[in-house]
Amino acid sequence: MSTEPAFVIVTGMSGAGRSTAAKALEDLGWFVIDNLPPGLLFAMAEEAGKVKLAADKVAAVVDVRSLAFTTDLNAAIEELEGRGVRVRVVFLEASDEELVRRFENVRRPHPLQGEGRLVDGITRERGILREVRANADLVIDTSTHNVHDLRNKIVAYFGGEDRPGLRLNVVSFGFKYGLPVDADLVVDCRFLPNPHWVPELRPMNGLDPAVSDYVLGQPGAKEFLDAYEEVLQVVAAGYAREGKSYATLAVGCTGGKHRSVAMAEQVAARLRDRGMEVQVSHRDVGRE
């Protein structure tokens with residue numbers, strides 16, 4: 001287990017699930033403080049050290065309080081890293097439509113909407129957080145997640161902090177439903193014949209052996225997997241050198257039901273065979 005001091009900052013869009021993520025970390029034994037101003041991050045880390053809290057189980061949830069949020073957060077991170085604290089930023093994201101739905105369900109205004117509309121507050125917050133999101137170590141899109149899904153994802157990423165190395169999430173998706181916004185790498189499997197046009201395979205998905213065998217037996221499938229596996233070795237090594245702990249690999253086809261599911265499972269299996277820690281999810285299965 002690494003003895004290097006670590007500090008996790010949970011931030012992101014209001015309504016995207018920061019409180020759920022904080023509760024999940026607490027359930028895993030983390031010391032978590034919510035709604036902490038960025039300027040107090042170093043003081044909190046210092047106090048955590050004084051009371052001998054586990055160095056790799058301290059987290060703070062921070063949100064937008066002013067237009068100086070990004071500057072304050074960047075300064076706090078620089079101060080922490082300058083004192084030898086390893087900082088990782090988790091950014092929670094959701095689509096505008098889903099955020100509007102969530103705020104309307106709880107009948108609360110957005111913290112930045114002022115006298116304007118709900119969407120005005122969301123747009124303003126997204127603009128303030130653009131740089132933070134771009135520099136985050138881990139981006140989680142909760143648009144299609146309920147509280148249990150988000151909790152499971154936090155547990156998958158942080159439930160075994162004593163295990164070193166890059167953690168990968170391979171997600172299949174359908175291009176017709178949009179790209180996963182938290183993807184670090186995206187590949188397209190639409191070059192393969194679509195099982196949708198095979199009557200006996202149409203009702204199945206890529207987890208069914210008949211569909212998987214059909215997809216993997218097509219010309220180019222094995223060659224693609226071999227080449228992508230080699231690319232990912234280079235990328236993973238680069239991520240490790242840059243200190244990146246998490247990455248999401250998105251594998252797409254038209255509807256996210258057949259080809260992308262079968263290929264995502266194969267990508268994950270190959271990476272596991274190389275000793276990597278991999279989670280697999282299928283965003284759009286059952287959506288049609």
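Biologist: Which residue lies over the face of F175, and at what distance from the ring centre?

Modeller: A charge sits over a ring if NZ of Lys or CZ of Arg is within 6 Å of the ring centre and within 35 degrees of the ring normal; here R190 lies over the face of F175, at 3.7 Å from the ring centre. This is a predicted model, in which local features need pLDDT of at least 70 and side-chain atom pairs count only at pLDDT 80 or more, while totals for chains, interfaces and linings use all residues. Residues are numbered from 1 along each chain as its sequence is written, and side-chain values use heavy atoms, with hydrogens and water left out.

Biologist: How many aromatic pairs does a search of the whole structure find?

Modeller: Rings of Phe, Tyr and Trp (its six-membered ring) pair if their centres lie within 6.5 Å, and planes under 30 degrees apart count as stacked, over 60 as edge-to-face and the rest as tilted. The search finds 6 such pairs, one of them the edge-to-face pair of Y157 and Y246, with 5.3 Å from centre to centre and 80° between the planes. That pair links distant parts of the chain, since Y157 belongs to helix α7 (residues 147-158) and Y246 to strand β8 (residues 246-253), 89 residues apart; helices (H or I, at least four residues) and strands (E, at least two) are DSSP runs, numbered from the N terminus. Ring pairs also join W30, Y157, F158 and Y246 into a cluster.

Biologist: Why does Y157 count as buried?

Modeller: Buried means under 20% relative accessible area, exposed over 50%, and partly exposed in between (1.4 Å probe, protein chains only). Y157 counts as buried because its relative accessibility is 5%, and Y246 is buried with a relative accessible area of 2%.
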